[in-house]
Amino acid sequence: MSQTISLEINNRILSIEIGKVGKQADGSALVRCGDTIMFVSATSKKEAREGKPFLPLIVDYRENTYAAGKIPGGFFKREGRPTEREILVARLIDRPIRPLFPEGYFYETQVVGLLLSADLENEPDTLGIIGASAALYFSDIPFTKPIGAVKVGLINDRYVINPTAKELETSPLNLLVVGTEDGIGMIEAGAKEVDEEKMLGAIAAAMDPIRAIIEIQKEHYQKLNIKKREFTPKLPNQAKMDEFETKIGPALFEAIQTSGKKASEDAVDKLLKGLIEAIPEENEDERAEAKDLFYRIQEKLSRKLILDQRKRVDGRQFDDIRPISIEVGMLPRTHGSALFTRGETQCLATVTLGTVEDVQRLDGLGEETKKRFMLHYNFPPFSVGEVAFLRGPGRREIGHGALAEKSILPCIPDDEKFPYTIRIVSDILESNGSSSMASVCGGVLSLMDAGVPLTMIVAGIAIGLVKDNDRYVILTDIAGLEDHFGDMDFKVAGTEKGITAIQLDLKIHAISLDIVKEALEKARDARLRVLAKMKEALPAPRPDISPFAPHIFILFINPEKVGDVIGPAGKIIKRIVALTKAKIDIDETGKIVIASTDMEAAEKAKQMISEITAEAEVGKTYTGKVVRIEDYGAFVEILPNLVGLMHISEIAHYRVKSVRDVLKLGQTVSVKVLNIEDDNKIKLSMKALEENPNPEGSGGSHDDGNRDRESGDKRSRGSHGGQRSDRKGRF
């Protein structure tokens with residue numbers, strides 16, 4: 001029998017229905033807001049995986065295109081492997097629930113989220129997190145801490161909970177906060193230079209609705225009398241752990257503090273090898289247990305060093321940033337490059353500038369959209385001294401790349417100012433913590449080296465935490481070991497004025513708002529120091545783009561002349577492309593984008609189009625060619641395909657009996673534009689350029705018959721003139 005719980009948030013009903021669908025899973029929930037409906041299931045095996053002392057949690061998310069009334073594109077017309085967005089939402093669901101499973105629960109567990117209906121206004125990511133909480137909590141899986149999740153926007157300087165997709169378009173802040181009843185569990189944010197005070201206010205504003213979501217789950221849980229399954233947690237043998245610590249503790253403590261990541265790892269590995277080799281090879285389980293206990297001792301000693309002795313493993317003070325070195329422009333043929341090194345984390349960032357043809361087309365639930373800025377992150381195994389096949393990007397690479405891209409996006413100039421498609425590739429050559437924030441710094445420097453006129457300069461830093469009950473230490477610029485054995489990874493990117501992105505992940509249940517505030521303050525201080533180092537290396541974007549990048553010009557022409565540029569069957573534009581080898585994109589609005597790696601070719605294409613689309617100006621003098629003669633006057637081509645009429649009375653100050661007495665076909669003459677009528681008829685004059693020798697006598701008038709024949713005056717064009725086009729073209 002299905003049961004529904006609900007509450008109102010920002011004048012919209014959030015409902016959670018359980019017991020209706022997916023009843024063979026251990027737990028399931030239908031979460032709804034508006035017409036967006038998410039189904040989430042949770043299933044866990046009853047037997048623990050042997051020899052694996054960690055939680056094997058799998059989270060999958062799928063956006064069914066039928067949810068928005070669409071049929072998938074492509075040949076097969078069905079959903080395929082997960083898209084980048086689906087992977088990112090799956091990570092959003094995974095990150096806050098993973099630390100909430102009980103210690104020692106090593107049973108394979110899977111959470112699946114399926115988007116069943118999408119109204120394209122209420123976003124599904126928060127519903128997926130709430131659904132995962134409900135599916136796990138209202139099951140016999142030993143998950144006992146429900147969570148809540150909301151988004152916060154900043155609309156007209158006012159915090160709005162769960163804003164619609166349309167409202168988020170105008171909001172300088174897109175903040176997702178997840179919390180437990182104990183505090184904040186996860187933060188994900190994109191922003192446009194939102195200062196720390198406003199960001200903290202937005203996080204605080206999220207807490208009351210999060211508590212309300214948690215409360216309705218707890219109240220319903222009490223009514224259901226759910227009995228959680230019993231399991232035997234796989235906890236360490238404390239006596240053996242104490243024995244090992246006595247035996248190797250002092251040496252391991254020294255090894256942890258060995259200067260340099262590789263040297264420290266070698267010293268630690270030597271101790272581990274000695275411990276394992278003392279156990280007979282046939283005792284595989286005992287060897288596996290010894291290895292697990294060794295890492296637990298290493299974690300205990302690393303945390304003790306920080307909390308008790310107030311020292312970091314690499315000897316730095318808590319607020320110190322590792323040494324930074326920067327080299328820009330090191331790759332001669334890329335459009336922009338930068339090598340950013342912070343401690344033992346090194347990022348090689350490169351920029352490639354492309355044309356409008358290079359945009360990424362996204363076929364999602366809504367209308368097809370285009371993406372002109374991309375950041376791709378690569379994490380090869382050699383960066384951490386490992387051996388593995390090079391495969392496609394995994395969830396980690398996609399997540400880190402998306403965070404760095406979100407951090408840099410606010411500083412990218414709009415396409416009217418800089419009409420390029422921009423791709424950054426971040427190759428991590430060394431890694432010892434915070435490679436995503438190194439990608440932000442390296443990516444921005446490579447953009448500056450490429451001559452991209454950035455609207456602001458962005459840097460990133462990672463803040464860590466080691467917490468034991470009420471004692472805690474906040475660490476600036478965490479290294480790999482501090483991330484691995486610490487309790488928090490708080491990445492913050494921004495400018496001198498404010499924040500552009502946040503990602504907070506925890507290994508403990510939650511942290512307080514006070515800790516978040518302190519971490520944001522330390523992140524800002526560190527960010528300003530990193531920005532200063534970046535500006536020392538390259539104070540501002542280079543004034544010119546690389547000579548190897550395409551040169552792009554934008555022309556705005558009268559929309560009525562789009563047909564003139566294209567020509568019949570594309571004859572005119574194809575000729576321009578053939579002569580210049582330039583890429584030309586024509587929009588029906590009159591916007592024309594010309595791109596070529598050859599500056600002269602781009603200029604030539606621009607000139608040819610300008611000549612075709614040029615328009616006469618009243619009062620301006622032109623040198624033209626006589627293209628037609630009639631009894632009442634002559635037609636003169638003053639610009640390519642632009643012809644005006646010079647009436648016989650405007651040829652000279654004296655009476656002209658016959659036009660042919662003065663002008664001949666093909667003759668070059670200077671004329672002045674007297675008038676352009678509403679129907680685009682152009683009136684020309686030769687005599688307006690000459691002084692009248694007889695100002696009191698006009699030289700007589702011409703007969704009225706000639707004037708009547710002015711009805712034949714029409715603006716003459718070439719064979720393709722006069723066409724109107726509502727077409728777009730790319731050539």
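How many cavities of 30 Å³ or more does the structure hold? There are five. Keep in mind while you click around that this is a predicted model.

**Stop 1: the largest cavity**

Let's begin with the biggest of those spaces. The largest cavity contains about 140 Å³ of space.

Now colour three elements: β2 (12–18), α2 (124–137) and β7 (148–155). Each of them supplies at least two residues of this lining. Which element gives the most to the lining? That's α2, with four residues.

What sort of residues surround the space? Sorted by class, the lining of the largest cavity has eight nonpolar residues, along with five charged and three polar ones.

**Stop 2: α2 beside α4**

The crossing of α2 past α4 is right-handed.

To see where they touch, show side chains. On α2, pick Ile 130, Ser 133, Ala 134 and Tyr 137; on α4, pick Ile 213, Gln 217, Lys 218 and Tyr 221. By class, this contact of α2 with α4 is made up of five nonpolar residues, two polar and one charged.

**Stop 3: α5 and α6**

Next, select helix α5 (residues 238–256) and helix α6 (residues 261–277). Are these two roughly parallel or roughly antiparallel to each other? Their packing angle is about 165°, with the axes 9 Å apart. Angles over 145 degrees count as roughly antiparallel, so α5 and α6 fall under that heading. Here too you have a right-handed crossing, with α5 passing α6.

On the α5 side, the contact is made by Phe 244, Lys 247, Ile 248, Ala 251, Leu 252, Ala 255 and Ile 256. Facing them in the contact, α6 brings Ser 264, Ala 267, Val 268, Leu 271 and Leu 275. Colour by class and you'll get 10 nonpolar residues, one polar and one charged in the contact of α5 with α6.

**Stop 4: α8 and α9**

Move on to helix α8 (residues 395–408) and helix α9 (residues 435–449). They pack at an angle of about 50°, and their axes are 9 Å apart. With that angle, α8 and α9 are therefore oblique to each other. The crossing of α8 and α9 is right-handed.

For the contact, highlight Arg 396, His 400, Leu 403, Ala 404, Ser 407 and Ile 408 on α8. On α9, the list runs Ser 435, Ser 436, Met 437, Ser 439, Val 440, Gly 443, Val 444 and Leu 447. Between α8 and α9, the contact residues split into seven nonpolar, six polar and one charged.

**Last stop: Ile 508**

Finally, where is Ile 508? Look in the loop between β21 (499–506) and α11 (513–537). Then select Pro 96 as well: Ile 508 and Pro 96 are 412 residues apart along the chain, yet their C-alpha atoms are separated by 9.7 Å. Leaving aside neighbours within four places in sequence, which residues is Ile 508 in contact with? Select Pro 99, Leu 465, Lys 467 and Asp 487 to see them.

Terms used:
Residues are numbered from 1 along each chain as its sequence is written. This is a predicted model: local features need pLDDT of at least 70, side-chain atom pairs count only at pLDDT 80 or more; totals for chains, interfaces and linings use all residues. Side-chain values use heavy atoms; hydrogens and water are left out. On a 1 Å grid over the protein atoms alone, a cavity is a set of points where a 1.4 Å probe fits but cannot get out, and a pocket is an open set with protein on both sides within 12 Å along at least five of seven lines; lining residues have an atom within 4 Å of a point. Grid points are joined across faces, edges and corners, and a volume is the space filled by probe spheres set on the points. Ala, Val, Leu, Ile, Met, Phe, Trp, Tyr, Cys and Pro count as nonpolar, Asp, Glu, Lys and Arg as charged, and the others, Gly among them, as polar. A crossing is left-handed if the near helix is turned anticlockwise from the far one by less than a right angle, and right-handed if clockwise. Contact means heavy atoms within 4.5 Å. Axes are lines fitted to C-alpha atoms, for helices over the stretch in contact, and angles run from 0 to 180 degrees between N-to-C directions. Angles under 35 degrees count as roughly parallel, over 145 as roughly antiparallel, 65 to 115 as roughly perpendicular and the rest as oblique.
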